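Thanks for making time this morning. I would like to walk you through one structure, going slowly enough that anyone new to this kind of work can follow along on the screen.

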Amino acid sequence: MSSPLLRYCPDLYNYQRRETRPVLVGNVQIGGGAPVVVQSMLTSDTRDAEACVKEALGLAEAGCQIVRVTAQTRIIAENLQHIRDGIRAAGCDVPLVADIHFKPDAAMEAVKWVEKVRVNPGNYADKKKFAVKEYTDDEYAAEVAYMEEQFVPLVKDCIRLGRAMRIGTNHGSLSDRIMNRHGDTPLGMVESALEFARIARAQGYHNFLFSMKASNPKVMIEAYRLLVAHLNQLGSDWNYPIHLGVTEAGDGEDGRIKSAIGIGSLLADGIGDTVRVSLTEDAIFEIPVAQQLVKPYNEGLPAQFEHISNAPQVSYDPFDYVRRETEVLTINGVKAGGHETVPVFTTRKKWDAVAHKIDKLGDYKPEVVIEDSGVVEIDPRDDAAIASLYESTEAKLVTIKDGLKLPVIAAYRLLAAKLQPRHSILLKDTLRAAGSDDFTENLLVAATNIGSLLCDGIGDAVIVNGEEAPGQALRISYNILQAAGVRIFKTDYVACPSCGRTLFNLQTTTQKIRAATGHLKGVRIAVMGCIVNGPGEMADADFGYVGGAPEKINLYVGKTAVKFNI
């Protein structure tokens, strides 16, 4: 287990929103008790002010509260003035954020025109060339000093102009210096961000927030938890707000599921003051997904659940993924538990509805009918029920009883903490009799609840009850298992959401690549619009298509570019 001093959440069984200081971005407050804020990013070219204004107004009308726009160079950043003026002339006061990578001079120009600047500590002043070297303490300190020299002028301008800042670390773009000292790890991401925060604080600047983005939800969750735990250790005045996002989530259901696993599980633990869902689709489609993810917390839903008291310590390490060890069970000919594949359950009613076409369901077949499984359903607060399982001579499959007024994630955490490790656990997406009529809502709830638990190593089988349609419920189940990295049954895609840096049409190219590679089960393919996160975010991808020049890609095998300008 990690150090007992590392705590990211005061109570892993009862919801409590993390208290932060407020950060003002124009007229929008982030943190400090304000509702969770939804934001997105323009896909239009920053040099085309008219297109950017039109897209920003459309996003604001759809409910986007903050709009980000890329600023690749100082010359391009100058056009932010015209974009801002066009938006304000239309009577819209949505705050603008300039997204900065590689170019401190672009940041110095952008800060004049926008309400907030996002800097990436991995490439603001540090090198990112995948160089492998041993840094002496003196060499390391020299690079930190250079980075500080580059960063302080921006901090001073933010103070002078009343601007906000996001210190946004990306798993895919940690600097060589951080990589060689800490590795490509959540700890490296945290340390990279804290270096910039210390410099900002030394200048008396506090109007900033953090993010820890990754394309792998497990890495993303661990990085955010670790960041908050370190902030807690540093003291109560390190209470800066948190921006949540999964980078390169992709498109369609897969992109929504991956986003919900990462963002939803952190929101459920009270972490997150603003969110951006990154989909490889038009930015307008990100807004309703983000709104649905934050809605329960902005509307006070957690307060409606019953309180869990006298709970034991959780059974897992929140900072280090290990699958819960259980005995292997054979249920209707299907193995579950131990290191076996996580099977997908369904109800008798749904099984009967698809029985005539099971051979046509391909990779989305139901494997076990819950009514025939012998699963034991209990209230994890019922000590007598737990005791009877202790006395059982054989290992059982156990799940939570329907109808309990407990949050799903907390209920299963409690079950895993009280249950002997030999017993396996069947995860449900909801403890209610039925879900919503809204498919997307059912998908996001299922991904948040089941995905979060799988990422903590809890769960040996899954069932989605909230979605009534049998085929869709099965598809959600399998896609959650894939996104959480516990059952890879199809090609895995990492695709960025497009922005003004993108050098080719990401949506059509991603679809072309899917059509050509969809048969490669277990292979991970990255589709990246540019080099900002390209080679780095593909760290665990087998192949990558990265924008290298307008309408051209560079082809990567792992982190190595093997062909240019295709």
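Let me begin with the salt bridges, of which the count comes to 27, and please keep in mind as I go that this is a predicted model. As a reminder, side chains of opposite charge can pair when their charged atoms come close.

One of these salt bridges is formed by the side chains of Asp273 and Arg17, with 2.8 Å from N to O. This pair links distant parts of the chain, since Asp273 sits in the loop between α9 (252-268) and β10 (274-275), while Arg17 belongs to the segment before β1 (23-25), and the two are 256 residues apart. Is Asp273 buried or exposed? Asp273 counts as buried, because its relative accessibility is 2% and the cut-off for buried is under 20%. Arg17, on the other hand, has a relative accessible area of 23%, so Arg17 is partly exposed.

Another salt bridge brings together the side chains of Arg225 and Asp456, again with an N to O value of 2.8 Å. Arg225 is in helix α8 (residues 217-234) and Asp456 is in the loop between α14 and β18 (461-463), so this pair ties together parts that are 231 residues apart in sequence. Arg225 is buried, at 2% relative accessible area, and Asp456 is buried too, at 7%.

A further example is the salt bridge between the side chains of Glu281 and Arg256, at 2.7 Å from N to O.

Let me move on to the surface, where Asp437, Asp438, Glu441 and Glu468 gather in a patch of negative charge. If you look for Asp438, you will find it in the loop between β17 (424-428) and α14 (439-455), and with a relative accessibility of 31% Asp438 counts as partly exposed. There is a nonpolar surface patch as well, made by Phe543, Val557 and Val562 and covering about 230 Å². Within that group, Val557 is placed in strand β22 (residues 552-557), and at 40% relative accessibility Val557 is partly exposed.

Next, I would like you to find Glu340, in the loop between β12 (334-336) and β13 (344-346). What is Glu340 in contact with, leaving aside its neighbours within four places in sequence? The contacts are with Arg323, Val328 and Lys335. The C-alpha atoms of Glu340 and Leu329 are 9.3 Å apart, and these two residues are separated by 11 residues along the chain.

My last topic is the backbone, and the background is that most residues other than glycine have a negative phi. Asn310 is not a glycine, yet its phi is positive, at about 50 degrees. Asn310 lies in the loop between α10 and β11 (329-331), and at 76% relative accessibility Asn310 counts as exposed. Asn332 also has a positive phi, near 50 degrees, and its place is in the loop between β11 and β12. With a relative accessible area of 47%, Asn332 is partly exposed.

Note on methods. Residues are numbered from 1 along each chain as its sequence is written. This is a predicted model: local features need pLDDT of at least 70, side-chain atom pairs count only at pLDDT 80 or more; totals for chains, interfaces and linings use all residues. Side-chain values use heavy atoms; hydrogens and water are left out. Patches are made of residues with over 30% relative accessible area and no salt bridge: like charges are joined within 9 Å, nonpolar side chains (Val, Leu, Ile, Met, Phe, Trp, Tyr) within 5 Å. Accessible areas come from the Shrake-Rupley method with a 1.4 Å probe; for residues, only the protein chains shown count as cover. A salt bridge is a side-chain nitrogen of Lys or Arg within 4 Å of a carboxyl oxygen of Asp or Glu. Lys and Arg count as positive and Asp and Glu as negative; His and the chain ends are not counted. The place of a charge is taken as NZ of Lys, CZ of Arg, CG of Asp or CD of Glu. Helices (H or I, at least four residues) and strands (E, at least two) are DSSP runs, numbered from the N terminus. Buried means under 20% relative accessible area, exposed over 50%, partly exposed in between (1.4 Å probe, protein chains only). Contact means heavy atoms within 4.5 Å.
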